[in-house]
Amino acid sequence: DATLVARYAGLELDHGARDRGRTRFDTLLEQHARRADLWQLYVAKTLKAGDVAHARAIQLRLAKADLPPKQMRAALTRFSEFEASH
């Protein structure tokens, strides 16, 4: 289940090996590229870890993803807010 793997990857980013957490999230997003909630979780966990540059790279990948228009609009709004604050 993607949600369970996302939780595990988030725990890895927060408390374990960041590289392993990133790898899990990247693999998960390759398999479930249209899940905007997973993208946003990955960005939030990366920002919580203090890696603004990597969070920006994830947001740029998200901007190129094939999401439905409503989800893409919400994602781009969050990206705009992120850029304004960082």
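Modeller: Welcome! A helix here is a DSSP run of H or I that is at least four residues long, with numbering from the N terminus. Please keep in mind that this is a predicted model.

Biologist: Thanks! In which helix does arginine 22 lie?

Modeller: Helix H2, which covers residues 18-31, holds arginine 22.

Biologist: What makes arginine 22 and aspartate 51 a polar contact?

Modeller: Their side chains are joined at 2.4 Å. The cut-off for a pair of N or O atoms is within 3.5 Å, so this pair qualifies as a polar contact.

Biologist: Which residues does arginine 22 touch, not counting those up to four places away in sequence?

Modeller: Leu13, Tyr42, Asp51 and His54. Lysine 45 is 23 residues from arginine 22 in sequence, and 9.9 Å separates the two C-alpha atoms in space.

Biologist: Which residues in H1 meet which residues in H3?

Modeller: From H1 come Ala2, Ala6, Gly10, Leu13 and Asp14, and they meet Leu38, Leu41, Tyr42, Lys45, Thr46 and Lys48 of H3. Sorted by class, this contact has six nonpolar, two polar and three charged residues.

Biologist: Now to accessibility. Why does glutamine 59 count as buried?

Modeller: Glutamine 59, in helix H4, has a relative accessibility of 3%. Buried means under 20%, so glutamine 59 counts as buried. Leaving out residues up to four places away in sequence, glutamine 59 touches Gln40, Val43, Ala75, Phe79 and Phe82.

Biologist: And why does glutamine 40 count as buried?

Modeller: The value for glutamine 40 is 16%, again under the 20% limit, so glutamine 40 counts as buried too. Glutamine 40 lies in helix H3. Apart from neighbours within four places in sequence, glutamine 40 is in contact with Gln59, Leu62, Ala75 and Arg78.

Biologist: How do you know that aspartate 19 is exposed?

Modeller: Aspartate 19, which lies in helix H2, has a relative accessible area of 56%. Exposed means over 50%, so aspartate 19 is exposed.

Biologist: Then why does aspartate 37 count as partly exposed?

Modeller: Aspartate 37, in helix H3, has 45% relative accessibility. That value falls between the limits of 20% and 50%, so aspartate 37 counts as partly exposed. Between the C-alpha atoms of aspartate 37 and alanine 75 the separation is 9.6 Å, for residues 38 apart along the chain.

Biologist: One last topic, the nonpolar core. Which residues of the largest nonpolar core touch the most other members?

Modeller: Phe25, Leu38, Trp39, Tyr42 and Leu67, out of 21 residues in that core. H1, H2, H3, H4 (52-63) and H5 (69-85) each supply at least two residues of this core, and H3 gives the largest share, with five residues.

Biologist: Which residues does tryptophan 39 touch?

Modeller: Not counting residues up to four places away in sequence, tryptophan 39 touches Leu29, Ala33, Ile58, Arg61, Leu62 and Ala65.

Conventions
Residues are numbered from 1 along each chain as its sequence is written. This is a predicted model: local features need pLDDT of at least 70, side-chain atom pairs count only at pLDDT 80 or more; totals for chains, interfaces and linings use all residues. Side-chain values use heavy atoms; hydrogens and water are left out. Contact means heavy atoms within 4.5 Å. A polar contact is a pair of N or O atoms within 3.5 Å; within protein, one must be able to donate a hydrogen and the other to accept it, and residues adjacent in sequence count only if both atoms are side-chain atoms. Ala, Val, Leu, Ile, Met, Phe, Trp, Tyr, Cys and Pro count as nonpolar, Asp, Glu, Lys and Arg as charged, and the others, Gly among them, as polar. A nonpolar core is a set of buried Ala, Val, Leu, Ile, Met, Phe, Trp, Tyr and Cys residues joined through side-chain atoms within 4.5 Å. Buried means under 20% relative accessible area, exposed over 50%, partly exposed in between (1.4 Å probe, protein chains only).
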